[in-house]
Amino acid sequence: MNRERAAELIWNAWQSGDRLDGLPDDARPRDAAEGMAAQAALAELAGPVSGWKIAATTAYARQYLDVPGPLPGVLFERFHHAEGEPVPADTMTMGVAEPEFAFRLKADPGPSPSLTAVLDAVDTMFLALEMPDSRYTDHQHAGGPQLLADVACAGRFVAGRAVPGWRDLDLPRQVVVLHADGAEFSRGGGSLVLGDPRLALHWLAMELSRHGRSLRPGDVVTTGTATPPCPIHAGGHVVADFGPLGSVEARFAGGG
């Protein structure tokens, strides 16, 4: 599998807005290891890398994508947005927003770390919105290895407020409500994120170790959607309400 060719095709599609029916045979990863290798090559083209996302943390998403488990993908600095900054919507073909619990690392937790080691390596937990996207025409049937090559549907990302005292919070029972254009769209909570966003972070650390990678100081990790995602559009406004933890919002450019 030609990982550099896979990366070039995906990055070209990302920049042009064109979509791929799939990677050609000579560039199509056959398993997770080859998918991660193509992802690393893509990071060399599109970087710098700011951290990681986790896709398919809910049972519904895994069924929808027909994958056996979650998928890690790198996040790129160029697609990060501060809360309040207009976010382009017209370049995203998936066109959805997801409320997420996110973490920022202050240390490398080491290879195959314990949950305690991972949590000790965290500097901050904060609220976030992710706008995932795919460079495939039919991401639903692309399969796990091709999705990994496409950085697990990474797209744009909005970082919100930090949450003090997060280590002592009952995150699985934290209700999250997603509003789109002023109306409630969906509800969920921390339990949808592999049972607990902290467990999702630990899963990522272990999964990266399997591929010879690791979390690094300064990395941002967004752990997976806490509600069913809502559609977005130019001129739209999305708010994720995390109750007493606060909220995070995104406004999308365009629409007059």
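The radius of gyration is taken here over C-alpha atoms, and the rule for a globule is 2.2 Å times the number of residues to the power 0.38. For 256 residues a compact globule would have a radius near 18 Å, and the chain agrees with this because its own value is 17 Å. The structure is a predicted model, in which local features need pLDDT of at least 70 and side-chain atom pairs count only at pLDDT 80 or more, while totals for chains, interfaces and linings use all residues. Residues are numbered from 1 along each chain as its sequence is written, and side-chain values use heavy atoms, with hydrogens and water left out.

Along its principal axes, the C-alpha trace spans about 50 × 50 × 30 Å. Of the 256 residues, 53% count as buried, a word that means under 20% relative accessible area with a 1.4 Å probe, protein chains only. If we take the contacts (heavy atoms within 4.5 Å) between residues at least 6 apart in sequence, 74% of them join residues at least 24 apart.

The chain contains six helices and twelve strands, which are DSSP runs numbered from the N terminus, with at least four residues of H or I for a helix and at least two of E for a strand. One of the strands, β2, covers residues 71-76, and because six of its six residues are buried, β2 is largely enclosed by the rest of the structure. Strand β1, residues 49-55, pairs with β2 in the antiparallel sense over six bridges, where pairing requires that DSSP finds at least two bridges between two strands. Within this pairing, Lys 53 has Gly 73 in β2 as its bridge partner.

How values were computed:
Buried means under 20% relative accessible area, exposed over 50%, partly exposed in between (1.4 Å probe, protein chains only).
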